[in-house]
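Trainee: Could we go through this model together, beginning with the terms?

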Amino acid sequence: MLGAFNEAEYERVFRSTEQDRADGLMVSDEPEHFAYRATIVELAAKGRIPTIYAFRDFVEVGGLMAYSTDQADIYRRLANLIDKILRGANPGDIPFYQRPNSS
């Protein structure tokens, strides 16, 4: 895949993807991709490659879709837990959040 994370390398990878006639692309959640999210989204759009991203931030700059959890919600929950602990709650007494059963 990518050896060095820079704009030229992303352009090279997308050219290769176009030559291979990829049906779609999934961008991993490596933090290095985040800095180039606008470039990645632009290259995917220019190449007309349906692309799914790891974070909503890619969608906010024009990407097709993301598959991650809601980061803002996670940080809100984490801040709530930290607040409870700093106010003296025993961490073992704080209920563990579980996603509701979807069945």
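Mentor: Buried means under 20% relative accessible area, exposed over 50%, and partly exposed in between, with a 1.4 Å probe and protein chains only. This is a predicted model: local features need pLDDT of at least 70, side-chain atom pairs count only at pLDDT 80 or more, and totals for chains, interfaces and linings use all residues. Residues are numbered from 1 along each chain as its sequence is written, and side-chain values use heavy atoms, with hydrogens and water left out.

Trainee: Is Tyr53 buried or exposed?

Mentor: Tyr53 is buried, because its relative accessible area is 2%.

Trainee: Which ring does Tyr53 pair with?

Mentor: Tyr53 forms a stacked pair with Phe58, at 5.0 Å centre to centre and 10 degrees between the planes. Rings of Phe, Tyr and Trp (its six-membered ring) pair if their centres lie within 6.5 Å; planes under 30 degrees apart count as stacked, over 60 as edge-to-face and the rest as tilted. Phe58 is buried too, at 1% relative accessibility.

Trainee: Which residues form the aromatic cluster?

Mentor: Phe34, Tyr53, Phe55 and Phe58 form one cluster.

Trainee: And what sits over the ring of Phe34?

Mentor: The charged end of Arg37 does, 4.2 Å from the ring centre. The criterion is NZ of Lys or CZ of Arg within 6 Å of the ring centre and within 35 degrees of the ring normal.

Trainee: Changing topic, how many helices and strands are there?

Mentor: The chain has five helices and three strands. These are DSSP runs, numbered from the N terminus: helices (H or I) of at least four residues, strands (E) of at least two.
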